[in-house]
Amino acid sequence: MPRIEIDPDSGFCFGVVTAINKAEAELASTSHGSLFCLGDIVHNSDEVERLRAKGLHTITHADLTRMHGTKVLLRAHGEPPETYRTARENNIEIVDATCPVVLKLQQRIKEAYNQPERPQIVIYGKIGHAEVNGLVGQTEGNAIVVEHEDDLDKIDFHRPIALYSQTTKSVEGFRTIAEQIRRRIDPACTFTSYDTICRSVSKRVDRLREFAASHDVIIFVAGTKSSNGKILFNHCREVNPRSFMIANESALRHEWLHGAESIGICGATSTPRWLMERVSEKISCTVS
């Protein structure tokens, strides 16, 4: 029987825990036992389904414009000012679960954008990601989002630049983008970079790599929509080629575990602990 260990540092980050706690508290206190959430509360379909069974119903931004006199939870990713305006106009009560780290970043970007001589606001992040949409909204849609080095051509290097990062991006990726901008910008223009990556997330990388290297096989559990999950899984695979990513225990394959004396289970910041435990139980039954 191989040793099976769940990474103690994997699982929900502080912001996600807070959002889910707020959702469950609201569901417990409401008389009709239901609550709307703008977008999936977390990028994990199994957790979304668990909360849906409790009464948390996911809606879209289009739905929000048609709703009136109800209550809507905003997830940890944050929202642009337009969402709050729509809520006020439609008499919608907001349960704001925006992560404090994201909220502070929104405020910083808004302040920079409102400067008399505003720089170009550049955000290193995933184009279309919910958090990034909220950050861009602080600039009336004028921020430039760069995901890859090829996106840098969207920047005017003859104007001042202020660079920020989506909170869950990699530190290495941010440093690369910052260095490329520093190399290309007109020497007469100012360039300031702000490393706004959440350290509670980024610090997981070194610990995760150590965990992955200490086991024969790694089973990484993450939702298909989790960009953080893809990044962390790649770190696992770099140090341990026998790393496999699954959404839940149903995707587990017996041949992955063949000959392993130790099996590690880990996950993204959007992966619930209960799901990793369920994967552990499935592995125990599979290899016993």
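Predicted model: local features only at pLDDT ≥ 70, side-chain atom pairs only at ≥ 80, totals over all residues.
**Entry 1: the four-stranded sheet**

I began with the order of the strands. The sheet is open, has four strands and reads β1-β12-β10-β11, with parallel pairing. I then asked which strands stand at the edges. They are β1 (3-6) and β11 (243-246); each has a single partner strand, so one side of each is left without a neighbour in the sheet.

**Entry 2**

Strand β10 covers residues 217-221 and strand β12 covers residues 262-267. The two run parallel and are joined by five bridges. To place the pairing at residue level, I looked for what stands opposite I218, and found G264 in β12.

**Entry 2: helix α10 and H235**

I turned to the helix that lies across part of this sheet. Helix α10, residues 227-239, lies across β10, β11 and β12. Against β11 it runs at about 160°. In this helix I picked out H235. Is H235 buried or exposed? Its relative accessible area is 11%, and buried means under 20%, so H235 counts as buried. I then listed what H235 touches, leaving out residues up to four places away in sequence: V205 and R209.

**Entry 3: strand β6**

I moved on to strand β6, residues 120-124, and asked how many of its residues are buried. The count is five of five. I sorted them by face, because side chains in a regular strand alternate between the two faces of the sheet. On one side of β6 I noted Q120, V122 and Y124, and on the other I121 and I123. All of these are buried, so I wrote down both faces as covered.

**Entry 4: the partners of β6**

I looked up which strands pair with β6. One of them is strand β8, residues 161-165, which runs parallel to β6 and is joined to it by five bridges. Within this pairing, I121 has A162 of β8 as its bridge partner. Strand β7, residues 144-146, also pairs with β6 in the parallel sense, over three bridges. Here Y124 stands opposite V146 of β7.

Technical notes:
Residues numbered from 1 in each chain as written. Heavy atoms only, no water. Pairing = 2+ DSSP bridges. Contact = heavy atoms within 4.5 Å. Axes fitted to C-alpha atoms, helices over the stretch in contact; angles between N-to-C directions. Buried < 20%, exposed > 50% of the residue type's maximum accessible area, 1.4 Å probe, protein only.
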